Amino acid sequence: MSRAPLVVLVLCAVVVAAMAEYREAPHFTNSAAARCPPPLPATDSDAACSPHAAVHVAMTLDESYLRGTMAAVLSVLRHASCPESVHFHFLAAAGSSPSSSAAVQELKDTVRASFPSLAFRVYPFDESRVAGLISTSIRGALDRPLNYARSYLASTLPSCVRRVVYLDSDVVLADDIASLAATPLPGETAVAAPEYCGANFTAYFTPGFWASPALSATFAGRRACYFNTGVMVLDLARWRRAGYTAQIEEWMELQKRVRIYELGSLPPFLLVFAGRITAVNHRWNQHGLGGDNYRGLCRGLHAGPVSLLHWSGKGKPWDRLDAGRPCPLDSVWSKYDLLRPAAGIESS
């Protein structure tokens, strides 16, 4: 029997692997006019507690959304006034097996290869910590344990990190992240996020939830509004003091017994924080660009200025670009795509 088809398949596999390599990003330097702190060292750990970190950014890191994460990081650096003083904290899915550890190391090496001077640290996130609490939702992608990692930032990041900006992997920034990080958090407020009081808040919970006086009383005395958890400013010290992770887990445990919501990791956040957050200007979350959770149709920008574009919803720009069916705004995201040839993003 001829071995030629096998040779062809092997060659194709090599070509695909080569195509999947991310290119090195441009290097961005601190602006002299911005009075930045000294640049952080390109280290995987020590810089986390450096007093010179101007902004701390937390994101998740996994193979499925790596392309989006890389583009988001590039966009943060491109538009930051002090890019060399931004420290990234990546939570990567991890288990106890050697293959899991190797996968985390590979992700870490990929980030370092594209961003040689980036100050970042990768934290293995044990998905078994939350897997048993997750209930099925309207879309399988929302049930990934790593989607819930944002609830565990306070217990994962070093205690020296007080304030952090959390970003989903399907965003690109068009403005200086320092402006977002400086959002005031008065009193003991622990969360700032884009808030949408015009949305139908009741739709985020089941009729059974609202029919129960004991459950619906959760929002009594609170001006509860939907907010987007893909872009948040968090005070981790206040979060720890209030024990918010335990409160989120309590609602997830109840959901396992009584169906009170349908939409993944968002409703527990709403139950704990809705009506108790600081609202972030909507310019920092031009959201819904991925369409709805069912069909992922194209959507345009909302009226107003744009500091961050967010492809929340089913449709992701990298998938649509690869399929040859991009939406108009996907061209903005493609400029930061490190899996493709350089698209004019220059260093500064």
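Q: Are Y204 and Y226 buried or exposed?
A: This is a predicted model, in which local features need pLDDT of at least 70, side-chain atom pairs count only at pLDDT 80 or more, and totals for chains, interfaces and linings use all residues. Residues are numbered from 1 along each chain as its sequence is written, and side-chain values use heavy atoms, leaving out hydrogens and water. Relative accessible area sets the class (1.4 Å probe, protein chains only): under 20% is buried, over 50% exposed, and in between partly exposed. By these cut-offs, Y204 and Y226 are both buried.

Q: How many aromatic pairs are there?
A: Rings of Phe, Tyr and Trp (its six-membered ring) pair if their centres lie within 6.5 Å; planes under 30 degrees apart are stacked, over 60 edge-to-face, and the rest tilted. With this rule, the number of aromatic pairs is 22.

Q: How many residues apart in sequence are the parts that the pair of Y204 and Y226 ties together?
A: The two rings are stacked, with 5.0 Å centre to centre and 5 degrees between the planes. Helices (H or I, at least four residues) and strands (E, at least two) are DSSP runs, numbered from the N terminus. Because Y204 sits in the loop between β6 and α7 while Y226 belongs to strand β7, the pair joins parts whose separation in sequence, in residues, is 22.

Q: Which residues does T206 touch, not counting residues up to four places away in sequence?
A: T206 is found in the loop between β6 (191-196) and α7 (207-211). With 8% relative accessibility, T206 counts as buried. A contact needs heavy atoms within 4.5 Å. Leaving out residues up to four places away in sequence, T206 touches R259, I260, Y261 and E262.

Q: What covers the buried residues of α11?
A: In helix α11 (residues 266-273), eight of the eight residues are buried, so the helix is largely enclosed by the rest of the structure. Among those buried residues are L266, F269 and F273. Their cover includes β6, α7, β7 (226-227), β8 (231-235), α9 (236-242) and α10 (244-257).

Q: How many residues apart in sequence are the parts tied together by the pair of D62 and R144?
A: A salt bridge places a side-chain nitrogen of Lys or Arg within 4 Å of a carboxyl oxygen of Asp or Glu. D62 makes one with R144, and their closest N and O atoms are 2.3 Å apart. Since D62 is in the loop between β1 (55-61) and α2 (66-79) and R144 in the loop between α4 (128-131) and α5 (153-156), the separation in residues is 82.

Q: Is R241 buried or exposed?
A: R241 and E188 meet through their side chains in a salt bridge (3.0 Å, N to O). R241 lies in helix α9 and E188 in the loop between α6 (177-181) and β6, so parts 53 residues apart in sequence are tied together. E188 is partly exposed at 48% relative accessible area. With a relative accessible area of 53%, R241 is exposed.

Q: Are R320 and D330 buried or exposed?
A: The side chains of these residues, R320 and D330, form a salt bridge (2.9 Å, N to O). R320 lies in helix α12 (residues 317-322) and D330 in helix α13 (residues 330-334), so the bridge ties together parts ten residues apart in sequence. Both R320 and D330 are buried.
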